[in-house]
Amino acid sequence: AERAVAAGFADVVHAHPAVVNAQVAAVVIRASDGAIVAQVGGKDWEASPFDRASDAVREIGSTVKPLTLLFALEADPALSPAFRLDDAPLTRTHDGKQWSPANFDHTFVGPISIRNAIAHSRNIPAVLLAERVGLASEGAQLRALGLDHATDYPSVALGGFGATPTQLAAAYAIFAGDGRYRAPWITSGVWEGDNAVYDVAVSK
């Protein structure tokens, strides 16, 4: 894991030299049971011992979109990857405040299939998809996947809430874990000599 992080970060710096002072983290989770089998909390523990894998909370942004798609497909049998949503300007009002999301490229492409909307990370279709799920249901399902800071606001569709890399990795593990969420854990037991003196699961 440390070698992979070092090599991956070197590639990023080669392509974008300005990020040379940025930090990095990695989490490897076994999808079958949620076990954390490898974890890297930063580039150099001696220089910066803060564990970014388990403690650094950052907005998850567009990584939420595949999860929204999963919720939508489960909730509405009429939906399919070919179903089209309108990528067009929209405004929503929440708590008396207006919110008008835009796409990353500040353009709108009109009707677009869900497949292409997710592949190209279009924001407006993501909001429409979350509204089909229901914002309260979207937030509740994300929290059930360990993303504790997920809200019921319209911005939840664009990942406008924080999570740690460990939390996000555990949520994504459902794609490889038969659709079931397993809370991440790092210790299954403590042994002294030949006897197991504790048999516990320590969650992250």
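Which residue in β7 is the bridge partner of Asp-87? Before selecting anything, note that this is a predicted model, in which local features need pLDDT of at least 70, side-chain atom pairs count only at pLDDT 80 or more, and totals for chains, interfaces and linings use all residues. Residues are numbered from 1 along each chain as its sequence is written, and side-chain values use heavy atoms, with hydrogens and water left out.

Select strand β4, residues 84-87, and strand β7, residues 110-113. Strands (E, at least two residues) and helices (H or I, at least four) are DSSP runs numbered from the N terminus. The two strands pair in the antiparallel sense over four bridges; pairing requires at least two DSSP bridges. The partner of Asp-87 in β7 is Gly-110. Leu-85 and Asp-87 form the covered face of β4, while Arg-84 and Asp-86 form the uncovered one.

Next, go to helix α6, residues 135-144, and pick Glu-138. Glu-138 is buried and has no salt bridge. Buried means under 20% relative accessible area, exposed over 50%, partly exposed in between (1.4 Å probe, protein chains only). A salt bridge needs a side-chain nitrogen of Lys or Arg within 4 Å of a carboxyl oxygen of Asp or Glu. Leaving out residues up to four places away in sequence, Glu-138 touches Val-64, Thr-68, Phe-71, Ala-130, Val-133 and Val-156, with contact meaning heavy atoms within 4.5 Å.

Finally, select Tyr-172 and Phe-175. A search of the whole structure finds one aromatic pair. The ring centres of Tyr-172 and Phe-175 are 5.5 Å apart and the planes lie at 65°, so the pair is edge-to-face. Rings of Phe, Tyr and Trp (its six-membered ring) pair if their centres lie within 6.5 Å; planes under 30 degrees apart count as stacked, over 60 as edge-to-face and the rest as tilted. Tyr-172 is partly exposed at 29% relative accessible area, and Phe-175 is partly exposed at 45%.

Notes
Lys and Arg count as positive and Asp and Glu as negative; His and the chain ends are not counted.
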